Amino acid sequence: MQIVILDGYALNPGDLSWTAFESLGEVVYYDRSPADLVKERCRDASVIITNKTPVAADTISYATQLKTIAVTATGYNIVDVEAARKRGIPVCNVPEYGTYSVAQHTFALLLELANQVGKHTQSVNKGEWQESADWSYSKTPIRELCGKTIGIVGLGRIGQQVAVIATAFGMNILFNDIVKQSSIAKAVGLEALFAQSDVISLHCPLTEDNRGFVNKKLLSLMKATAFLINTSRGQLVNEKDLREALLQNRLAGAALDVLSVEPPLNGNPLIGLTNCIITPHNAWISFEARERLLQTTLENVTSALAGKPKNVVNKMPVIGH
C-alpha cells in the first residue's frame, strides 16, 4: 500500500517526523508537487496526503487503488470532495489544531499596530536614540488596548480564544456570527460592528456569500483610528478597497496574515504600504500546532484504513475502492 505525501514541507520542514506513517505502508514523499505532476504521482496511491496541492476529479479517478484522502489543514476546498464521494473515498481534514497559535498571532499583529515595536527597534538600531535630545521618544502614536472595543467577525474556536485574550487586555468585545452566542461578547449586526469597533478581527470561513465582503462600504463605516486584522482568508477582503482606505487614512492601519493570492503576485495593492503589516500566512505554523496537525492526520489515516474514518468532510460512512 502506498501513501503519497504531495506537499509535506510546509507542515514539516524538518523538525517533525513522518516515521509513524511508514508502519502503515510505503511512504512516497514530496516537498512540493507541481500541478502537472500530481496525477501521475498519485497513480498508485492508496492514501493521498495534501495540504494545499489540489486533488482534482481526474486525479481521483486515475488513482484506482485510492482509499482515502487526508488534508493536513482545516480547509479542504483543494479536494474535489464530490468526486471522492462518488467513488466512496472519504476525505478527512483536521478541524482543530491552530486555535491558540492563530489567536496568539492575531494579538501579535494587534500589538504591533498599537505599539509599533518593530519601527522603534529600527529607530534605535539606526542610532536615533543616541542622537535624541530627550531620554524618551515615540516615532508613532502608542495606543493602549484597555477600554477599546474589538469586533470579532466569526466566533468559532479561534474567535472565542481571541475574545478570551481580549478580556485579559480589558477590551470590550462585540461579535458578529449567525449561530454563536457568548457570555463575554455582545452580538451586533455587521455594520454596527464595523462602526463601533476600534479593532476589527476576521475569523470566519470563506464562502461565496462573504467573498470580498470587507469592501468600500464597510470600510467607510470604520473609525479613522481603527485597525483591521485578518488571520482568516485573504479573499474576505477587497484588497483594492482596503488600499484606498489606507492611503486616504480612513482607518489607522491593517495587519494581515493572508492575501487573496498566495504567494502574492507582483503588484499586490497592499504590499509596501506603511500602515499595512503583512506576514506570510504563518499564524498556524508554530511547532506545537504543526505537531497536533501531524498527529491528527496520522489518526485520520489510521482510522480510515481500519474502515472507521473520522473527521470526514464528504459524509462517507465507509471506505470505498
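**First stop: Glu144**

Glu144 has a relative accessibility of 58% and therefore counts as exposed; the cut-offs are over 50% relative accessible area for exposed, under 20% for buried and in between for partly exposed, with a 1.4 Å probe and protein chains only. Before continuing, note that this is a predicted model, in which local features need pLDDT of at least 70 and side-chain atom pairs count only at pLDDT 80 or more, while totals for chains, interfaces and linings use all residues. Residues are numbered from 1 along each chain as its sequence is written, and side-chain values use heavy atoms, with hydrogens and water left out.

Glu144 belongs to the loop between α5 (117-125) and β6 (149-153). Helices (H or I, at least four residues) and strands (E, at least two) are DSSP runs, numbered from the N terminus. Select Gly170 as well: its C-alpha atom is 10.0 Å from that of Glu144, although 26 residues separate the two along the chain.

**The cavity**

Which residues line the largest cavity? Select Leu110, Arg143, Glu144, Leu145, Lys148, Asp198, Val199 and Phe227 to display the lining. The volume of this largest cavity is about 40 Å³, and the structure holds one cavity of 30 Å³ or more. On a 1 Å grid over the protein atoms alone, a cavity is a set of points where a 1.4 Å probe fits but cannot get out, and lining residues have an atom within 4 Å of a point. Grid points are joined across faces, edges and corners, and a volume is the space filled by probe spheres set on the points.

**The whole protein**

Now zoom out. The protein contains ten helices and twelve strands, and its C-alpha trace spans about 70 × 45 × 35 Å along the principal axes. Of the 321 residues, 47% are buried. Contacts (heavy atoms within 4.5 Å) between residues at least 6 apart in sequence join residues at least 24 apart in 60% of cases.

**The parallel sheet**

Next, colour the five strands that form an open sheet with parallel pairing, in the order β2-β1-β3-β4-β5. Two strands pair if DSSP finds at least two bridges between them. At the edges are β2 (26-29) and β5 (91-92), each of which pairs on one side only.

Select β3 (residues 47-50). Three bridges join this strand to β1 (residues 2-5) in the parallel sense, and Ile49 in β3 stands opposite Ile5. Four bridges, also parallel, join β3 to β4, where Thr68 is the bridge partner of Val47. Are the faces of β3 covered or open? Both are covered: Val47 and Ile49 on one side, and Ile48 and Thr50 on the other, are all buried.

Then show helix α10 (residues 287-305), which lies across β3, β4 (68-71) and β5 and runs at about 160 degrees to β3. Axes are lines fitted to C-alpha atoms, for helices over the stretch in contact, and angles run from 0 to 180 degrees between N-to-C directions.

**Ser46**

Move to Ser46, in the loop between α1 (35-41) and β3. Its relative accessible area is 5%, so Ser46 is buried. Apart from neighbours within four places in sequence, Ser46 contacts Met1, Gln2, Gln65, Leu66, Lys67 and Thr68.

**Backbone geometry**

Most residues other than glycine have a negative phi, and most peptide bonds are trans. Select Glu262 and Pro263: the peptide bond from the former to the latter is cis, with omega near -10 degrees. Pro263 lies in the loop between β11 (253-256) and β12 (276-278).

Continue to His281, in the loop between β12 and α10. His281 has a positive phi of about 50 degrees although it is not a glycine, and its relative accessibility of 23% makes it partly exposed.

End at Asn311, in the segment after α10. Asn311 is likewise not a glycine, yet has a positive phi of about 55 degrees; with a relative accessible area of 25%, Asn311 is partly exposed.

Note on methods: On a 1 Å grid over the protein atoms alone, a cavity is a set of points where a 1.4 Å probe fits but cannot get out, and a pocket is an open set with protein on both sides within 12 Å along at least five of seven lines; lining residues have an atom within 4 Å of a point.
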